[in-house]
Each structure stands twice: as C-alpha cells, then as structure tokens.
Amino acid sequence: MQTRKALLRAAAEAFDEYGYAGASINMILKRAGLTTGALYFHFDSKEDLAHAVMNAQPELIVPQLQSQGLQRLVDITLLWSHMLQVDPLLRAAVRLTGEQASMGTRDATPYQSWAKVMAECLRDAQNANELQAGVDPDELGEFVTEACTGMQMFSAVASGRDDLSDRAIRMWRLLLPGVAVPAIVARTEVSHERLKTLIG
C-alpha cells in the first residue's frame, strides 16, 4: 500500500508539472525512488497510473469532513477550492481529467464520482428538510460538479487559482437561496472563516 501511495504521489507531481504527455515513466520512478517492477506490480501502464490519479479526487477530501447535509456539500467545495492550490495529487487529477485527449480516452468517471458524492449530501439534506420542494438531489449534484469544473478552469487562467476559494464562496451565496429553505440558508456557513476551520 505504501509503494502504491508513493507511486501515485510521484506520478501526480510529474503529471501536475508536465501533463500526461510530458511525464515519463522514468521521471515518475526517479521521483518515487522505485523500480520498474514495483510500478508494474501495482499498475498495468502509464495510462492505468494516470487513471488512478484521476479517480483519487473524492477520497482526498470527503473523509476529512464531519459535517452533514447541505453544510457537508458546501464544506466539500470549500476544502476542494483550497486543496487545488496546495495538493499536487488533486491538481494532477483535475489536470488529467481535462487533458484526456492526450491519453486517447474519454472517461467521465471522475465527474460522475463527484456528482454522486454531492447527490448523496443533497439526499441527506432532503431527508433533513433542508432543501426547497422540487429540488432534485441528482440534478443539483451534477450541476454543482459542472459549476465547480468551469469555475476552477476560469480561476486557473484568471489567477492561477489564487481566487478559487472566493469563487466557491460566491457560488454558494448565489445558489443557496434558490435551493435551501430560509432557515438553512441562514445557518449554513459559507466563508473564509469556515474554510479555516476545515483546514485548521
């Protein structure tokens, strides 16, 4: 397990810096301090390794959170907006997901995984009577995934993602009144102070 983690981390650093086409197997192995045999014990190919990095996104964030319902969904996006600035594994996963043409693939699994996580939060929120009538958890979960995808792309070009947390906070300030009941809008924490408690 430690070897696999070391390979994922080394691959992520290489993919984050050079993209899929620019990151070689030898570069990854040198960073990991491991042999070719170790790589092929865990992964079938460079493409297999890249897919493992791509699909690691939710597990980097979701297990760190204790909140429930709509607050949990907000917290996921706040923590994601911060970690995209500091975590090479998450950055590489996002970069690879958007650069799949260089791998000759078209795999929506990373987006679908996020949409599923978000829909689960929203179903919990629905069961706790936090959502307005008519809000569909699956539909909204997919929309938030789409919004975050576009938001991080815009932020990457506009500020190198320095303003991504600001954008995530703004997204929820605009979105919450249209999907949550008024008491939950007032109670849900959407701020830099909330983010500090999540990364503290």
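Ala, Val, Leu, Ile, Met, Phe, Trp, Tyr, Cys and Pro count as nonpolar, Asp, Glu, Lys and Arg as charged, and the others, Gly among them, as polar. The model shown is predicted: local features need pLDDT of at least 70 and side-chain atom pairs pLDDT 80 or more, while totals for chains, interfaces and linings use all residues. Residues are numbered from 1 along each chain as its sequence is written, and side-chain values use heavy atoms, without hydrogens and water.

**Figure 1. Helices α1 and α2 pack against each other.** Helix α1 covers residues 2-22 and helix α2 residues 25-32 (helices are DSSP runs of H or I with at least four residues, numbered from the N terminus). Their axes lie 8 Å apart and form an angle of about 145° (axes are fitted to C-alpha atoms over the stretch in contact, and angles run from 0 to 180 degrees between N-to-C directions). On the α1 side, the contact (heavy atoms within 4.5 Å) is made by A6, L7, A10, A11, E13, A14, F15, E17, Y18 and G22. Helix α2 contributes M27, I28, L29, R31 and A32. By class, the contact has 11 nonpolar residues, 1 polar and 3 charged.

**Figure 2. The largest pocket is lined by 19 residues.** A pocket is an open set of points on a 1 Å grid where a 1.4 Å probe fits, with protein on both sides within 12 Å along at least five of seven lines; lining residues have an atom within 4 Å of a point. The space in the largest pocket is about 310 Å³, counted as that filled by probe spheres set on the points. V94, T97, Y111, T149 and Q152 are the lining residues nearest the centre of this pocket. Helices α6 (69-86), α7 (88-98), α8 (109-127) and α9 (137-159) each give at least two lining residues, and α9 gives the most, with 5. The lining divides into 9 nonpolar, 7 polar and 3 charged residues.

**Figure 3. The second largest pocket lies between domain 1 and domain 2, because both give residues to its lining.** The volume of this pocket is about 180 Å³. The lining is formed by M1, R4, K5, L8, R9, A56, E59, L60 and L89. Two or more of these residues come from each of α1 and α5 (57-61). The largest share, 4 residues, belongs to α1. There are 5 nonpolar and 4 charged residues in the lining, and no polar ones.

**Figure 4. The protein is assigned two domains, domain 1 (2-50) and domain 2 (57-199).** The bounds come from an automatic or database domain assignment. The C-alpha centres of domain 1 and domain 2 are 28 Å apart. Domain 1 gives 12 residues to the contact, and domain 2 gives 11.
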